[in-house]
Amino acid sequence: RNLCFIHDNMLNPNAVSLQQENDADSPLELSFAELVNFGLNRVEGKDKLSVIGYFRQRIASHYQIRIPSEIVDYVIIYLHYDDESELYMGNIHETHEAVNRNRHTWTMFISAAKNKLKVPRSIAQVRYFLHPTFRPSKIDESSPPFYLRRIGWGTFNVEAHITFKPEYRRPPCYAIHALSFSNYASLTQIDFKQKQQISTVAAIFHRREFKFKDKEAFALDIE
């Protein structure tokens with residue numbers, strides 16, 4: 001995590017082997033400079049500015065020295081880069097007054113953390129597959145965290161086809177989550193190796209689930 005492979009390979013700056021899962025299951029060879037740029041391009045601008053500001057205000061001004069930009073870049077990556085090696089599909093649930101039994105409001109999402117809703121950066125699009133009684137039952141979302149809000153009365157398994165951004169060199173995968181009305185938030189870990197649409201029979205049994213009873217236990221890390 002945090003691009004630790006850069007630290008592990010600093011003694012060999014000419015070439016660094018970044019193992020990424022792709023269709024050929026072959027390593028992606030990047031030069032050290034390319035690897036640094038790869039990491040920097042996936043760090044939020046505000047996080048970059050916070051590190052740059054620290055070096056300018058606290059280090060350069062106090063000690064009257066110029067910090068090489070390469071060092072600043074490495075610190076930015078070390079502190080803020082996330083390769084999103086784990087992703088989670090989940091739903092938020094709230095109840096409301098209704099004249100019929102459709103009193104459950106649920107919102108699907110994809111998160112880069114299991115203990116809060118952290119917006120993922122590696123995903124390009126998510127296609128949700130809902131129960132066939134919904135019209136439409138297949139919905140594409142392209143804006144992270146890929147919210148899908150619906151109102152209903154019963155639970156079911158929500159499937160998703162996830163497409164990643166090309167620069168991450170991660171093939172598409174399928175995910176499944178058992179819609180939950182008994183908690184404020186419920187998440188299921190995504191299996192990147194799942195390349196085919198998942199059968200609803202025993203599909204949840206082998207997947208890790210995380211549940212949070214109320215809003216205080218599950219933060220929405222969204223600006």
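Predicted model: local features only at pLDDT ≥ 70, side-chain atom pairs only at ≥ 80, totals over all residues.
**Strand pairing, salt bridges and a buried glutamate**

In strand 10, the bridge partner of E159 is I176. Residues are numbered from 1 along each chain as its sequence is written, and side-chain values use heavy atoms, with hydrogens and water left out. Strand 10 (residues 173-178) pairs with strand 9 in the antiparallel sense over 6 bridges, pairing being assigned where DSSP finds at least two bridges between two strands. Strand 9 (residues 157-164) also runs antiparallel to strand 6 (residues 123-129), to which it is joined by 6 bridges, and within this second pairing V126 of strand 6 has I162 of strand 9 as its partner. Helices (H or I, at least four residues) and strands (E, at least two) are DSSP runs, numbered from the N terminus.

A search of the whole structure finds 5 salt bridges, each defined as a side-chain nitrogen of Lys or Arg within 4 Å of a carboxyl oxygen of Asp or Glu. One of these joins the side chains of R121 and D47, with an N to O distance of 3.9 Å. R121 lies in the loop between strand 5 (116-118) and strand 6, whereas D47 belongs to helix 3 (residues 45-63), so the pair ties together parts that are 74 residues apart in sequence. D47 is buried, with a relative accessible area of 12%, while R121 is partly exposed at 23%; here buried means under 20% relative accessible area, exposed over 50%, and partly exposed in between (1.4 Å probe, protein chains only). Both residues, together with K46, are linked in a network of salt bridges.

A further salt bridge is formed by the side chains of D82 and K118, at 3.0 Å from N to O. Because D82 lies in the loop between helix 4 and strand 3 and K118 in strand 5, this pair ties together parts that are 36 residues apart in sequence. D82 counts as buried at 12% relative accessibility, and K118 as partly exposed at 27%. E94 forms a salt bridge with K215, the closest N and O atoms being 3.3 Å apart. This pair links distant parts of the chain, with E94 in strand 3 and K215, 121 residues away, in the loop between strand 12 (209-212) and strand 13 (219-221). E94 is partly exposed, with a relative accessible area of 37%.

E84 lies in the loop between helix 4 (69-80) and strand 3 (88-95), and is buried, with a relative accessible area of 3%. E84 has no salt bridge, the nearest side chain of opposite charge being that of R121, 5.3 Å away. Beyond its neighbours within four places in sequence, E84 is in contact (heavy atoms within 4.5 Å) with several residues, including A112, V119, P120, R170 and F192.

Backbone geometry was also examined. Most residues other than glycine have a negative phi, and most peptide bonds are trans. E84, although not a glycine, has a positive phi of about 50°, and Q64, likewise not a glycine, has a positive phi of about 55°. Q64 is found in the loop between helix 3 and helix 4 and is exposed, with a relative accessible area of 67%. A cis peptide bond joins R135 and P136, with omega about 0°, and P136 is found in the loop between strand 6 and strand 7 (138-141). Another cis peptide bond joins P144 and P145, with omega about 10°, and P145 lies in the loop between strand 7 and strand 8 (148-152).

Notes:
Lys, Arg positive; Asp, Glu negative; His and termini not counted.
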